[in-house]
Amino acid sequence: LSTIESLIQSKELIEVIESADNRVIEDCSRVFSDLVKSLISLDKAVLSVGPKGLEISLDDKPASLFSGGQKTIIALCFLLAVSTINGSGNVFYLLDEVDAALDEANQTSVAALVARALPGKQVICVTHHPAFRKLASKVFYIQNLAGHSLLLKTSEVKNNSDGG
C-alpha cells in the first residue's frame, strides 16, 4: 500500500497525467476546429481549459453574434470532437432534431458531417427533414397520436453506400 501511495503522490506520475490530459485536450481541440471550420467560415475555433473549465473560442467573437443554426453546428461539433476522446468506446449516438434550426443547405452539411465523423457507429436521429433520412440505412416513420407514439412504417434505404 505504501508503494501505491508514494506512486500516487509522485511528481512524475502527476506530470504524466497532466501531459496526457493536455494531449487529449489538444487532440479534441484540433478535431473541433476542423469540424467547425468545415461548416462555418471561421479563422479560429479552439477548445481550451480555462478557469471555468472547458472553453470554446471562435474568432474571439461572443456567442451572441452567432445565429441559432450556427450555435447548433458549434454544439454538435463540440459533441463530435469530445466523442473522439473515447474513440471506439461509444457504440451509438442519439440525436434529437439537431437539424431543426438549420436551413436546407446546413441540414445536408450536418448530416454529411455526422456520417463522416462517426463512421461505423450506430446513429439514431430524430428528424423531420430528408437530409438525414437520405444517409440512413433504415428509416422509421412515427406519428404522435393522442400522446402515444405510433409506428407508421419502416423502410430500408438502398442508396446508402457506407451502411450508415
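Tutor: Let's start with E156 and K138, whose side chains meet in a salt bridge at 3.2 Å, N to O. Keep in mind that this is a predicted model.
Student: Where in the chain do E156 and K138 sit?
Tutor: They link distant parts of the chain: E156 belongs to strand β6 (residues 148-156) and K138 to strand β5 (residues 138-145), 18 residues apart.
Student: Is K138 exposed or partly exposed?
Tutor: K138 is partly exposed, as its relative accessible area is 38%.
Student: How many salt bridges does the structure hold?
Tutor: There are 3 salt bridges in the structure.
Student: OK, which residue does D60 form a salt bridge with?
Tutor: D60 pairs with K44, and their closest N and O atoms are 3.2 Å apart. This pair also links distant parts of the chain, 16 residues apart: D60 is in the loop between β2 (53-58) and α3 (68-86), while K44 is in the loop between α2 and β1 (45-50).
Student: And what about accessibility for D60 and K44?
Tutor: D60 counts as exposed because its relative accessibility is 62%, over the 50% cut-off. K44, at 32%, counts as partly exposed.
Student: How far apart are D27 and R30 in helix α2?
Tutor: They are 3 residues apart in helix α2 (residues 11-39), so about one helical turn separates them. D27 is partly exposed at 41% relative accessible area, and R30 is partly exposed too, at 46%.

Technical notes. Residues are numbered from 1 along each chain as its sequence is written. This is a predicted model: local features need pLDDT of at least 70, side-chain atom pairs count only at pLDDT 80 or more; totals for chains, interfaces and linings use all residues. Side-chain values use heavy atoms; hydrogens and water are left out. A salt bridge is a side-chain nitrogen of Lys or Arg within 4 Å of a carboxyl oxygen of Asp or Glu. Helices (H or I, at least four residues) and strands (E, at least two) are DSSP runs, numbered from the N terminus. Buried means under 20% relative accessible area, exposed over 50%, partly exposed in between (1.4 Å probe, protein chains only).
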